[in-house]
Amino acid sequence: MIVTTTPTIEGRPVQQYLGVVTGEVIVGANMFRDLFASIRDIVGGRSGSYEDVLARARMQALDEMKQFAAGMGGNAVVGVDLDYEVLGANGSMLMVSATGTAVVV
């Protein structure tokens, strides 16, 4: 399945617009990961454990969005937008959402 942030796919005209599709994933922060991330903040550098969680959440949101598009009969999703939101009383959860338009090309 073709997934793109652009509204069109070069050389592949849209035959049918099927509607908006979304994929959403909410992940909680882990106490040990938070501890190591705060140590990393003090000494500097990147937080690989948070980057891994974020990458997995993004891929899961995109996969869920593609599944919805396929269920509607689509073979591509155009105009994809990724959003990130911190949730929870202490900002202890992260929501990743992917939104786009399911199409047939």
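**A close look at the sheet and the core**

Modeller: Among the elements of the protein chain in this predicted model, helix H1 (residues 31-43) has the lowest mean pLDDT, 50, while strand S1 (residues 2-3) has the highest, 96. For the protein chain the mean pLDDT is 84, and 78% of its residues reach 70 or more. Where pLDDT is low, the predicted coordinates should not be read in detail.

Now to the sheet, which is open and has four strands in the order S1-S3-S4-S2, with mixed pairing. S1 and strand S2 (16-28) stand at its edges, and because each has a single partner strand, one side of each is left without a neighbour in the sheet. The partner of S1 is strand S3 (residues 76-87), to which S1 is joined by two bridges, and these two strands run parallel.

Strand S4 (residues 93-104) contains Gly100. This glycine has a relative accessible area of 4%, and because buried means under 20%, Gly100 counts as buried. Leaving aside neighbours within four places in sequence, Gly100 is in contact with several residues, including Gly19, Val21, Met65 and Val77.

Three of those names return in the largest nonpolar core, which has 14 residues, and in which Val21, Met65 and Val77 are those with the most contacts inside it. S2, H2, S3 and S4 each supply at least two residues of this core, and H2 gives the most, with six residues. Val77, again leaving aside neighbours within four places in sequence, is in contact with Val21, Met65 and Gly100, and also with Met1, Ile2 and Val3, among others. A second, separate core has five residues, among them Ile9, Ala76, Val78 and Val103.

Helix H2 (residues 48-71) also holds Lys66 and Asp63, three residues apart, which is about one turn of the helix. Their side chains meet in a salt bridge, with 3.6 Å from N to O, and a search of the whole structure finds one such bridge. Lys66 counts as partly exposed, with a relative accessibility of 28%, and Asp63 is partly exposed as well, with a relative accessible area of 34%.

Technical notes:
Residues numbered from 1 in each chain as written. Predicted model: local features only at pLDDT ≥ 70, side-chain atom pairs only at ≥ 80, totals over all residues. Heavy atoms only, no water. pLDDT = per-residue confidence, 0-100. Pairing = 2+ DSSP bridges. Buried < 20%, exposed > 50% of the residue type's maximum accessible area, 1.4 Å probe, protein only. Contact = heavy atoms within 4.5 Å. Salt bridge = Lys/Arg side-chain N within 4 Å of Asp/Glu carboxyl O. Core = buried A, V, L, I, M, F, W, Y, C linked by side-chain atoms within 4.5 Å.
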